[in-house]
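Let's take a walk through this structure together. Have the viewer open and follow along.

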Amino acid sequence: MTGQAAARAAAQAVVDVVALGESMVTFLPARPGRLADVPSFDRGIGGAESNVACALAAAGHTTRWVSRVGADGFGDHLVEAIGRYGVDTSAVGRDPHRPTGIYFRTADDRDTDAHEVVYYRAGSAASAMAPGSVDEDALTAARILHLSGITPALSADCLALVRRLCTRRADRGPLVSFDVNHRPGLWKDAGDGPGVLLDLARGADLVFVGEDEAAAAWGVTGGPAAVRAALPEPATLVVKQGSRGATVFRHGEDPVFRAALHVDVVAPVGAGDAFAAGFLSATLRDLPADRCLRHGHLMAAAALTVPGDLATPPARTHADRLAGLDDAAWGTLRLGPGWTDRVPADNEVEEEVRTP
């Protein structure tokens, strides 16, 4: 078998999760302050969909990232860095005419006025993704296909690709997971972003959306039930409610709410992608709705207690023990930096419970 044939065969192997989307090289400031004042930056990687693939791979699942990068050093770095997490990158295309996207951000909380992000992604290799330009066999050879609302905002071709993948049809294949990820700045020159996102979400099987996103994008207020009323089609809808927790709706089941954890936050980035990864991990294991939510919260806590977007997830046995705590113990659990580094014995789990 030739190298090219071997790569194609690997790309068609069925994996747990395939994630489609743009990843960029991220430049993180060496110290807090305005971008104008920061003298140096450390290089990292960033991309909502590849973050989910990396977190799931680190948690022991088989994953694949499908995208396009430039035929440049930054593209090399992305493919190598994501591959080191155990993610299959054989279906990532290289574009000799378009660059790999990059961005710079400050160290401040992205929810504050001091936070700055500057993207250099217009005309990137990933923005040229389109129906027919990516390996559809690689996309559909999975139990779950994970998408986000970032990709359709990149170009008309990207929107056409995501529309095709979110169209309900008998032969669609994997369960389609869609994280709304409403980024108004990406849609300012791309038409009716909120309307597009609502249409795409209605075509997915499993949807993640923040209560605040639903209000900002669609004017939906009134809590999770109102969001469900606006999105009745997905078999599973997860409404994230910030630091309070999240509610999951499943067809044929009563809604379930589970509180978020008390966390000593190091950096508030990457938590949404980590939550999605934890929820998907539990979904792949056919766990009930409440455990899916708790595994999402635990994976988010791992991301919140490290400086970057990606964190080492808790060992599965550790996460299962914590997810199985009763409501009172869960409510007094507090997690800080380093909590994922060790696996306590069964009789030690209670020692992790602290009054916040």
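We'll start with a sheet, move to the helix lying across it, and then look into the cavities. Bear in mind that this is a predicted model.

Start with the open sheet, which has four strands in the order 3-2-7-8. The pairing in this sheet is mixed. Which strands stand at the edges? They are strand 3, at residues 41-46, and strand 8, at 117-120. Each of the two has a single partner strand, so one side of each goes without a neighbour in the sheet. If you look along the sheet, neighbouring strands are turned against each other by 25° on average, ignoring direction.

For a case to look at here, go to strand 7, which covers residues 102-105. Strand 7 and strand 8 run antiparallel, and four bridges join them.

Now bring in helix 3, residues 73-84. Helix 3 lies across strand 2 (24-29), strand 3 and strand 7. Its direction is about 65° to that of strand 3.

How many cavities of 30 Å³ or more does a search of the whole structure find? The search turns up two. The largest cavity holds about 100 Å³ of space. It is lined by 15 residues, and those closest to its centre are Ala-55, Ala-274, Asp-309, Leu-310 and Ala-311. Helix 2 gives the most, with four residues. Sorted by class, the lining of the largest cavity comes out as eleven nonpolar residues, two polar and two charged.

The second largest cavity holds about 50 Å³. Among the residues that line this cavity are Glu-136, Thr-140, Arg-164 and Leu-165. Others on the list include Leu-145, Arg-169, Arg-172, Pro-174 and Val-176. Helix 4 (136-140) and helix 5 (156-166) each supply at least two residues of the lining. What is the split by class in the second largest cavity? The lining has four nonpolar residues, one polar and four charged.

Note on methods:
Residues are numbered from 1 along each chain as its sequence is written. This is a predicted model: local features need pLDDT of at least 70, side-chain atom pairs count only at pLDDT 80 or more; totals for chains, interfaces and linings use all residues. Side-chain values use heavy atoms; hydrogens and water are left out. Two strands pair if DSSP finds at least two bridges between them. Axes are lines fitted to C-alpha atoms, for helices over the stretch in contact, and angles run from 0 to 180 degrees between N-to-C directions. Contact means heavy atoms within 4.5 Å. On a 1 Å grid over the protein atoms alone, a cavity is a set of points where a 1.4 Å probe fits but cannot get out, and a pocket is an open set with protein on both sides within 12 Å along at least five of seven lines; lining residues have an atom within 4 Å of a point. Grid points are joined across faces, edges and corners, and a volume is the space filled by probe spheres set on the points. Ala, Val, Leu, Ile, Met, Phe, Trp, Tyr, Cys and Pro count as nonpolar, Asp, Glu, Lys and Arg as charged, and the others, Gly among them, as polar.
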